[in-house]
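Here is a short report on a protein model, written for someone meeting it for the first time. Take a look at the sequence and the structure before reading on.

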Amino acid sequence: MIVDCHTHLWSNSSQLGSGAKLWIERQSGKADATASPADHAVAAACADKTLVLGFRSRYLNADVPNDFIADYVRQNEGMIGIAGIDPTEDDYVSTAQRLLDRQEFRGLAISPALQNFHPTDSRVMPLYEVCSRRKAPLFILAGTHMPTLGRMEYARPM
C-alpha cells in the first residue's frame with residue numbers, strides 16, 4: 001500500500017499568506033502555481049491513500065479553508081483530511097474539537113514556524129491534550145514554505 005502522508009491543496013497562492021507567492025515562483029518558475037483539486041487528484045492517483053493537510057496562519061494572513069479540504073476529501077476516495085488549525089487564535093480549542101468531530105478529518109496540522117509560536121509554548125498545550133484524548137494525530141510541520149516572515153527557530157526538530 002502506498003500512502004502519501006503530506007500533500008496540500010489550495011486554489012490560489014494568496015491562501016498561503018505573506019511571502020508564499022515569491023516562494024512558489026522560486027520553486028516552480030511560475031508566477032502563481034495552484035494545487036487545485038483536479039491537479040491534486042492527478043498527482044495523487046498513484047497512492048492508495050493520501051493525506052491532505054490544511055493550513056491556517058493568522059501571523060501570515062493565510063487560510064486554506066478546512067471546508068475546501070473537506071469537500072475535496074468527501075468527493076475523492078482514498079483522501080484523508082487533516083485540518084489546519086492555528087493555536088494562536090482565541091477559539092482554537094473549540095475549533096479543533098469541532099473539526100475532529102467531522103468525518104472528513106482524521107487529525108490536525110500546525111506549523112509553529114509559520115504561525116509564530118514555539119512548539120512548547122504553554123498556549124498550545126490544550127491542543128496537544130485534545131489530540132491525545134481523542135487519539136488523533138497532530139502533524140507538526142517544520143515548514144512547507146519559508147517566507148521571510150517564517151520563524152526558523154520554531155521549525156527546528158529539537
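**Layout**

This is a predicted model. The protein has six helices and seven strands. Starting at the N terminus, the elements follow the order β-α-α-β-β-β-α-β-α-β-α-α-β. The protein counts 158 residues, and 46% of them are buried.

**Strand β5**

Strand β5 covers residues 79-84. How many of its six residues are buried? Six of the six are, and the strand is mostly covered. The cover is found on both faces of β5. On one side M79, G81 and A83 are buried, and on the other I80, I82 and G84 are.

β5 pairs with two strands listed here. Strand β2, residues 49-53, runs parallel to β5 and is joined to it by four bridges. β6 also pairs with β5 in the parallel sense, over four bridges. One bridge from each pairing is given below.

| β2 and β5 | parallel | four | L51 with I80 |

**The nonpolar cores**

In soluble globular proteins, nonpolar side chains tend to be buried together. Which residues touch the most other members of the largest nonpolar core? They are F55, I85, L108 and L127, in a core of 32 residues. Several elements give two or more residues to this core: β4 (62-64), α3, β5, α4 (92-101), β6 (105-110) and α6 (125-134).

Leaving out residues up to four places away in sequence, L108 is in contact with I82, A83, I85, A96, L100, L127, C131, P137, L138 and F139. Of these partners, I85 and L127 are also named among the residues that touch the most other core members.

**Helix α3**

Helix α3 spans residues 66-75. Its buried residues are N66, I69, A70, Y72 and V73. Viewed down the axis of α3, these residues fall within an arc of 165 degrees, so they line one face of the helix. The general rule behind such a pattern is simple: an α-helix has 3.6 residues a turn, so residues three or four places apart point the same way.

**Two residues to look at**

A20 lies in helix α1, residues 20-28. Is A20 buried or exposed? A20 counts as buried because its relative accessibility is 0%, and the cut-off for buried is under 20%. A20 and A62 are 42 residues apart along the chain, and their C-alpha atoms are separated by 9.3 Å.

T88 sits in the loop between β5 and α4. T88 also counts as buried, because its relative accessibility is 11%. The T88 side chain makes a polar contact with the side chain of D86, at 2.8 Å. Beyond its neighbours within four places in sequence, T88 is in contact with R58, Q115, F117 and R123.

Methods. Residues numbered from 1 in each chain as written. Predicted model: local features only at pLDDT ≥ 70, side-chain atom pairs only at ≥ 80, totals over all residues. Heavy atoms only, no water. Buried < 20%, exposed > 50% of the residue type's maximum accessible area, 1.4 Å probe, protein only. Arc of directions from axis to C-beta. Core = buried A, V, L, I, M, F, W, Y, C linked by side-chain atoms within 4.5 Å. Contact = heavy atoms within 4.5 Å. Pairing = 2+ DSSP bridges. Polar contact = N/O pair within 3.5 Å; in protein donor to acceptor, adjacent residues only side chain to side chain.
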